[in-house]
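This report covers helix packing, strand pairing and backbone geometry, in that order.

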Amino acid sequence: MRVIILGAPGAGKGTQALRLCETFGLSHLSTGDLLRVEVAANSLIGEQAAAFMKQGQLVPNALIIGMIQDRMARLGSGGFLLDGFPRTVEQAESLEAAGIVIDQVISLQVPDAVIIQRLSGRRIHLASGRIYHIDSHPILVDDQSGEPLVQREDDQADVVANRLKIYHQITEPLMDWYQQKPLKLSRISGLGTAEEVYSRIEAVVQE
Ligand code: AMP
């Protein structure tokens with residue numbers, strides 16, 4: 001199973017991806033998580049990506065495509081789920097050019113107003129990518145490790161506005177691009193609890 005999960009920042013991609021990967025035994029590849037680890041480690045990739053991420057800009061295609069291809073080469077033959085990649089048509093084309101066949105694209109749909117509310121209260125556990133919201137998880141430590149949760153710098157209101165603009169202008173057109181391809185494309189409402197959204201996703205993945 002080779003799946004892509006698409007959606008605006010804060011649509012719930014990360015939360016749903018972790019659960020889908022656990023249930024279906026898929027490898028989870030989140031370019032955002034990979035980049036945040038590179039930034040925290042002060043690696044060359046991290047240094048090159050940090051300024052773009054801070055401003056809510058996309059990291060240049062060449063950098064991101066190189067990073068993900070390197071990861072995918074080490075995956076073996078098992079199934080995977082791509083979360084946060086591709087974000088541009090050029091990135092999607094790079095998968096095709098590398099002969100990587102995708103079976104299913106899931107697009108999580110959430111109105112901008114809900115996204116803004118969600119991201120302002122979002123906190124993450126950096127090492128695992130686990131995601132929380134201050135309303136439902138006011139104790140700011142990770143359930144499993146007990147380590148502190150942090151707010152992403154790019155979850156600040158002005159940066160969120162920029163990320164949403166870029167999503168609508170550059171990433172959303174990918175849905176039309178994938179519509180032309182011989183794969184299953186499902187548009188799913190990302191509203192409601194994580195549990196409700198997961199049930200909708202599971203139903204289309206199992207079909
Ligand atoms: P995310 O955690 O998926 O929201 O990603 C956080 C940030 O990492 C984005 O706002 C971009 O700056 C960068 N990023 C992640 N994935 C990509 C990608 N596929 N293309 C370009 N930039 C990316």
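Helix 4 passes helix 5 in a right-handed crossing; a crossing is right-handed if the near helix is turned clockwise from the far one by less than a right angle, and left-handed if anticlockwise. Helices (H or I, at least four residues) and strands (E, at least two) are DSSP runs, numbered from the N terminus. The structure is a predicted model, in which local features need pLDDT of at least 70 and side-chain atom pairs count only at pLDDT 80 or more, while totals for chains, interfaces and linings use all residues. Residues are numbered from 1 along each chain as its sequence is written, and side-chain values use heavy atoms, with hydrogens and water left out.

The two helix pairs are listed below. Axes are lines fitted to C-alpha atoms, for helices over the stretch in contact, and angles run from 0 to 180 degrees between N-to-C directions.

| Helix pair | Crossing angle | Axis separation |
|---|---|---|
| Helix 4 (residues 61-73) and helix 5 (residues 89-97) | about 35° | 10 Å |
| Helix 2 (residues 31-40) and helix 3 (residues 44-55) | roughly 115° | within 8 Å |

Helix 2 is therefore roughly perpendicular to helix 3, a term for angles of 65 to 115 degrees. Their crossing is left-handed. Contact means heavy atoms within 4.5 Å. Helix 2 contributes Gly-32, Leu-35, Arg-36, Glu-38 and Val-39, and helix 3 contributes Ile-45, Gly-46, Ala-49, Ala-50 and Met-53. By class, this contact has six nonpolar, two polar and two charged residues. Ala, Val, Leu, Ile, Met, Phe, Trp, Tyr, Cys and Pro count as nonpolar, Asp, Glu, Lys and Arg as charged, and the others, Gly among them, as polar.

Between helix 4 and helix 5, Asn-61, Ile-64, Ile-65, Gln-69 and Met-72 meet Glu-90, Gln-91, Ser-94 and Leu-95. That contact has four nonpolar, four polar and one charged residues.

Strand 1 (residues 2-7) has five of its six residues buried, meaning under 20% relative accessible area (1.4 Å probe, protein chains only). Strands pair if DSSP finds at least two bridges between them. Strand 1 runs parallel to strand 3 (residues 80-83), with four bridges, and Arg-2 stands opposite Phe-80. Five bridges link strand 1 to strand 4 (residues 104-109), also in the parallel sense; here Ile-5 has Ile-106 as its bridge partner.

Most residues other than glycine have a negative phi, and most peptide bonds are trans. Asn-42, in the loop between helix 2 and helix 3, has a positive phi near 55°. Asn-42 is exposed, at 55% relative accessible area, where exposed means over 50%. Phe-85 and Pro-86 are joined by a cis peptide bond with omega about 0°, and Pro-86 is in the loop between strand 3 and helix 5.

Note on methods:
Angles under 35 degrees count as roughly parallel, over 145 as roughly antiparallel, 65 to 115 as roughly perpendicular and the rest as oblique.
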